[in-house]
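Below are some notes for a colleague who is meeting this structure for the first time. Please read them with the model open beside the text.

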Amino acid sequence: MEEADFMRRAIALSCDGVAEGGGPFGAVVVKDGVVVGEGRNAVVPGRDPTAHAEVVAIRAACARLGTHDLSGAVIYTSCEPCPMCLGAVWWARIAEIVYGNDRADAAAIGFDDAAIYQEVCLPIPARTLPLRRLMAAEAFEGFRRWQARPDKVPY
C-alpha cells in the first residue's frame, strides 16, 4: 500500500463515523508499511468524550502489537489532531502525523479547539478552567513507590 491508500482509508473511516452518528474523523496507524490500528470518531455513539479517531486507532494498534510504544509508526488522520489526540500521539511515540483537513477546516464546521490551544499556554492561575492542588504530599506517595520499583517501565 502507498501513502495515499492509508489516507484514503482514514477518510473512509471518517465517513463511516458520520454514518454511525459520530464525528467526521478517521485515523489509521501504520508500522512498517502495515496498518496496525484503525479508528473512527465514536464520541456520541459511544458516549465517550475520549473516543476520538486517533485515540481509538492508537488503542487498537497498541492492543494488536502488545505494546504502549509505537515508535517508528505513522498516523494518517483525516484531520489535524486536536490537543488531546496530539498528546496521545506524543505519548505513543508515533514518529509522524499525516493529516488531511486542518484545524481551521474543523473549526469552520463546529470543531474549534482554539480555546484549548490558548488555555494550555497560560499559567495555571490565568486559566479559564480552574485547577486546584490538594493533598500534594500524600499524592506524592504513588510517585515514590513508582520510583522505587526496580522493574518499572519508563514511558
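1. Of the 155 residues of the chain, 30% count as buried, where buried means under 20% relative accessible area, exposed means over 50%, and partly exposed lies in between, computed with a 1.4 Å probe on protein chains only. This is a predicted model, in which local features need pLDDT of at least 70 and side-chain atom pairs count only at pLDDT 80 or more, while totals for chains, interfaces and linings use all residues. Residues are numbered from 1 along each chain as its sequence is written, and side-chain values use heavy atoms, with hydrogens and water left out.

2. The chain has seven helices and four strands, and their order along the sequence is α-β-β-α-α-β-α-β-α-α-α. Helices (H or I, at least four residues) and strands (E, at least two) are DSSP runs numbered from the N terminus. The C-alpha trace spans about 50 × 40 × 25 Å along its principal axes. Among contacts (heavy atoms within 4.5 Å) with a separation of 6 or more, 47% join residues 24 or more positions apart.

3. Helix H4, residues 83–92, has Cys85, Ala88, Val89 and Ala92 as its buried residues. They cover an arc of only 100 degrees around the axis, and therefore sit on the same side of H4; the arc is taken from the directions that run from the helix axis to the C-beta atoms. Trp90 and Trp91, on the other side of H4, are exposed. The cover over the buried residues of H4 includes H3, strand S3 (74–79) and strand S4 (96–101). Just after H4, Arg93 has a positive phi of about 65 degrees.

4. Thr77 belongs to strand S3 and is buried, with a relative accessible area of 0%. Its side chain makes a polar contact of 2.8 Å with the side chain of Glu54, a polar contact being a pair of N or O atoms within 3.5 Å, of which, within protein, one must be able to donate a hydrogen and the other to accept it, and residues adjacent in sequence count only if both atoms are side-chain atoms. A polar atom of the Thr77 side chain also lies 3.4 Å from the backbone oxygen of Gly26. Not counting residues up to four places away in sequence, the residues that Thr77 touches include Met7, Ala10, Ile97 and Tyr99.

5. Glu80 lies in the loop between S3 and H4 and counts as buried at 18% relative accessibility. Its side chain reaches the backbone nitrogen of Arg103 at 2.9 Å, and, leaving aside neighbours within four places in sequence, Glu80 is in contact with Tyr99, Asn101, Asp102 and Arg103.

6. Gly110 is placed in the loop between H5 and helix H6 (114–120), and at 60% relative accessibility Gly110 counts as exposed. Gly110 and Lys31 are 79 residues apart in sequence and, C-alpha to C-alpha, 32 Å apart in space.
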